[in-house]
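Here's a quick tour for anyone opening this structure for the first time. Take a look at it, then read on.

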Amino acid sequence: MMRIGLASVFLHEYSPLRTLELAAEAGYDCLELWADHLRLHTDSPAAIRTRAADLGLTLTLHAPHYDLNPLAFNPVIRESSQQELFQALELGAALGVELLVVHPGRLSTPWDTPEAGFEALFQFARTLGRRAQDLGLLACLELMEKTGKEFFLTPEHGRSLLQQRIPHIGLTVDIAHLHTLGAPGGAAGLMKTFTSGSISHVHLSDSGPQATHLPLGLGEVDIAGALAALPADYAGIVTIEGHVPGRGKEIIVKNREYLNRLLFGGNNNEA
């Protein structure tokens, strides 16, 4: 049975320890801490790990991604970005997380090609996987939204990664990101193409022309259809990301209530 998680980005103004409490109070099973959220506060990994256990919350970690590109043409940026991600693995181990979510990097020059991008990505993933294996973690590369120079986007791209059979590397599928591809059948149609065991982790939010990530019920995504299209044996975490800046405490409750109505019955005409 899937578990429902909350992305801590909703509540970045609160300390991680307080965020854990708010997530538990709102009925979540898991909390996905953003490494960039932890930079804003002084709570120690040991204290966070202990408090999460006390509250019965499973932890995952979203690696830093602001200003980073582990595939950058510039070697200083590339190496610095990769080191940040390797350090995130160590942070995840200290926190006792179930998995680490990693943005895959993007093209960075006018002459970059997706083919070269995939070659660089697979090479980076092998190094990341070895580091993750040493620490006993799963590092999940995330399929990205269709924007800018992102190139790791589609279910086919995810399959190309998994076909490399890199130990301790998995796949995070973001339902809002799938929506941005504009495929027939939408995100739900694309979700149906994933096979048993191919998805390690899921991000969930609504999406529309105004923003890629919106609170549940405020966009165009067939959320019920997308969740129903998950492989039948999926027992991982579905982490909710859609938020409104400054309204975190309100929106985390509304998102959880919306999902409860969706999963267990009721009227979802109001988000």
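What follows is a short briefing on some strands, some helices and one serine.

This is a predicted model, where local features need pLDDT of at least 70, side-chain atom pairs count only at pLDDT 80 or more, and totals for chains, interfaces and linings use all residues. Residues are numbered from 1 along each chain as its sequence is written, and side-chain values use heavy atoms, with hydrogens and water left out. Helices (H or I, at least four residues) and strands (E, at least two) are DSSP runs, numbered from the N terminus.

- β5 pairs in the parallel sense with strand β4 (residues 100-102) over 3 bridges; two strands count as paired if DSSP finds at least two bridges between them.
- Leu100 has Ala139 in β5 as its bridge partner.
- Getting from β4 to β5, the chain runs through helix α5 (residues 114-135) in a right-handed β-α-β crossover. Right-handed means that, with the strands pointing away from the viewer, the path from the first strand over the helix to the second runs clockwise.
- β5 also pairs with strand β6 (residues 169-174), in the parallel sense over 4 bridges, and Leu141 has Leu171 in β6 as its bridge partner.
- The chain goes from β5 to β6 through helix α6 (residues 155-162), and this β-α-β crossover is right-handed.

**Helix α6**

- Buried residues in α6 include Pro155, His157 and Leu161.
- Among the elements covering the buried residues of α6 are α5, β5 and β6, with contact meaning heavy atoms within 4.5 Å.

**Ser81 in helix α4**

- Ser81 sits in helix α4 (residues 75-95).
- Is Ser81 buried or exposed? Ser81 has a relative accessible area of 1%, so it is buried.
- Leaving aside neighbours within four places in sequence, Ser81 is in contact with Leu68, Asn69 and Pro70.

**Helices α3 and α4**

- The axes of helix α3 (residues 45-55) and α4 come within 8 Å and cross at roughly 45 degrees.
- Pro45, Ile48 and Arg49 in α3 meet Leu91, Ala93, Ala94 and Leu95 in α4.

Definitions and conventions
Buried < 20%, exposed > 50% of the residue type's maximum accessible area, 1.4 Å probe, protein only. Axes fitted to C-alpha atoms, helices over the stretch in contact; angles between N-to-C directions.
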